Amino acid sequence: RRPACGRAGWLTCALVARAPVPCVRGCPRCLLPSCATARVRFFRGISLSVGPHSGSGGVASEVWGRPECARLHARHSTAAMASTSRSEPKYKYISLGEASERALAREGTAGAKSRANIYAVVMESSNVRQTRGTDFICNLRLADSTTDAERTELLCFCADKNAFPAPRAAAGDIIRLHRVRVNNWNGKLQLVGALSQTKPFQFALFDGSRAEKEPYQTSSENYYMDAGDLDQLSALRAVRAQLLGLP
């Protein structure tokens, strides 16, 4: 993009984390106003073979002359590469206790909606049954290290009765919930998830007794796993033993 500027202005590329590069002419908005020896060309939709963004369009720069220009360009390129190489969890997860606090904080707020990503241990699951309408419903009771003896209820709705979470074990498997609705029902936390192509809710079920990294059932074929998920699984498998009273 080239914002409004008296002369050449800044050239900014989203692919390099919006790192500013001095323009070909001196300009009050340039990082180095007196530098006229850095020449930058911006390409859109043209395959390049220059720098870390080769092959998908980006910024190709020719820097010569004054050494501070080359140092500036190298500094921006290094920072951009470092920012893209950082590995951070894609999803942020909260505990059932945190979800309960969030739900209670919204008590009395009309029309308020909240969604969260949660890992929990499945302690109980009901049979799938039909609602008064066209959907089906099933109930799961969940727990983690922040819950007391009273389990948290998860209500799942779907038009396909074969698409519901189906834990292998009567109790002890681990479920991952993405974008589940956090509700306050009579002063208690209630989780609600509707499975459909137009709804954002998704789930994944993991074996709680084995150190398996991949889920055995998912609501979507395209699910995502990273180091943050493995940490959640490891912690919940330890909690599972305490919840089930295992040695």
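**Rings.** Which residues do ring pairs link into a cluster? I found Tyr93, Tyr119 and Phe206 in it. This is a predicted model, so I kept local features at pLDDT of at least 70 and side-chain atom pairs at pLDDT 80 or more, while totals for chains, interfaces and linings use all residues. Numbering runs from 1 along each chain as its sequence is written, and side-chain values use heavy atoms, without hydrogens and water.

My rule for a pair takes rings of Phe, Tyr and Trp (its six-membered ring) with centres within 6.5 Å; planes under 30 degrees apart are stacked, over 60 edge-to-face, the rest tilted. The count comes to 3 aromatic pairs. Tyr93 and Tyr119 have ring centres 4.9 Å apart and planes at 65°, so I logged the pair as edge-to-face. Tyr93 sits in the loop between α1 (67-85) and α2, and Tyr119 in strand β3 (residues 115-125), so this pair ties together parts 26 residues apart in sequence. Helices (H or I, at least four residues) and strands (E, at least two) are DSSP runs, numbered from the N terminus.

Next I took Tyr119 with Phe206: this pair is tilted, at 6.1 Å centre to centre and 35° between the planes. Phe206 is in strand β9 (residues 202-206), 87 residues from Tyr119. Tyr93 and Tyr119 are both buried, and Phe206 is buried too. Buried means under 20% relative accessible area, exposed over 50%, partly exposed in between (1.4 Å probe, protein chains only).

**Charges over rings.** I required NZ of Lys or CZ of Arg within 6 Å of the ring centre and within 35 degrees of the ring normal. Lys90 lies over the face of Tyr224, 4.7 Å from the ring centre. Arg168 lies over the face of Tyr216, at 3.9 Å.

**Cysteines.** How many disulfides does the structure hold? I got 0, with the cut-off for a sulfur pair set at within 2.5 Å. The closest cysteine sulfur to that of Cys138 is in Cys156, 4.7 Å away and too far for a bond. Cys138 is buried at 2% relative accessibility, and Cys156 is buried at 0%.

**Pocket.** I noted about 350 Å³ of space in the largest pocket. On a 1 Å grid over the protein atoms alone, a pocket is an open set of points where a 1.4 Å probe fits, with protein on both sides within 12 Å along at least five of seven lines; lining residues have an atom within 4 Å of a point. The lining has 18 residues, with Glu150, Arg151, Thr152, Lys188 and Leu189 nearest the centre. Helix α2 gives the largest share, 4 residues.

Terms used: Grid points are joined across faces, edges and corners, and a volume is the space filled by probe spheres set on the points.
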